[in-house]
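Here are some quick notes to go through with the model open beside you.

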Amino acid sequence: MSMEVIDFNERIVWETAKIMIEDEGNPVSVKLLDRDYKYIYTYIKKNAPVDAINVFQRFPKLDVEQILYDLREMYLIYFVRGEVK
């Protein structure tokens, strides 16, 4: 199987989604991110690709869902489904 990027308008099933780091079009410096955003982004960058459910488990006290959507809107990450090659 190959990876399939999840569209912006599509509902994400967190149990099956993987998070990738955006290589292009990254206009936001990580230094400008709030503390919680920085923790999650740094975790993803060090371990990419990451199963989305692992992020929820790693940061249970944070609003992970909203942070992930916001990071995607900042073009720092994107979501895929299927096998990552």
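1. A convention first: helix axes are lines fitted to C-alpha atoms over the stretch in contact, and angles run from 0 to 180 degrees between N-to-C directions. Helices (H or I, at least four residues) and strands (E, at least two) are DSSP runs, numbered from the N terminus.

2. What you have here is a predicted model, where local features need pLDDT of at least 70 and side-chain atom pairs count only at pLDDT 80 or more, while totals for chains, interfaces and linings use all residues. Residues are numbered from 1 along each chain as its sequence is written, and side-chain values use heavy atoms, with hydrogens and water left out.

3. The overall picture: the chain has 3 helices and 4 strands, in the order β-β-α-β-α-α-β from the N terminus. Of its 85 residues, 34% count as buried (under 20% relative accessible area, with a 1.4 Å probe and protein chains only). Among contacts (heavy atoms within 4.5 Å) with a separation of 6 or more, 77% are between residues 24 or more positions apart.

4. Have a look at helix H3, residues 64–73. Val 64, Ile 67, Leu 68, Asp 70, Leu 71 and Arg 72 are its buried residues, and they pack against strand S2 (17–21), helix H1 (35–47), helix H2 (52–58) and strand S4 (77–81). Tyr 75, which comes after H3, has a positive phi, near 60 degrees.

5. How do H1 and H3 pack, in angle and axis distance? The angle is about 75 degrees and the axes are 10 Å apart. That makes H1 roughly perpendicular to H3 (the class covers 65 to 115 degrees). On the H1 side, Asp 36, Tyr 37, Ile 40, Tyr 41 and Ile 44 meet Val 64, Ile 67, Leu 68, Asp 70 and Leu 71 of H3. The residues of this contact split into 8 nonpolar, no polar and 2 charged (Ala, Val, Leu, Ile, Met, Phe, Trp, Tyr, Cys and Pro count as nonpolar, Asp, Glu, Lys and Arg as charged, and the others, Gly among them, as polar).

6. Then there's S4, with 4 of its 5 residues buried. S4 runs antiparallel to S1 (residues 4–5), joined by 2 bridges, and also antiparallel to S2, joined by 5 bridges. (Pairing takes at least two DSSP bridges between two strands.) To find the pairs on screen, go from Val 5 to its bridge partner Val 80, then from Ala 17 to Arg 81.

Terms used. Buried < 20%, exposed > 50% of the residue type's maximum accessible area, 1.4 Å probe, protein only. Parallel < 35°, antiparallel > 145°, perpendicular 65-115°, else oblique.
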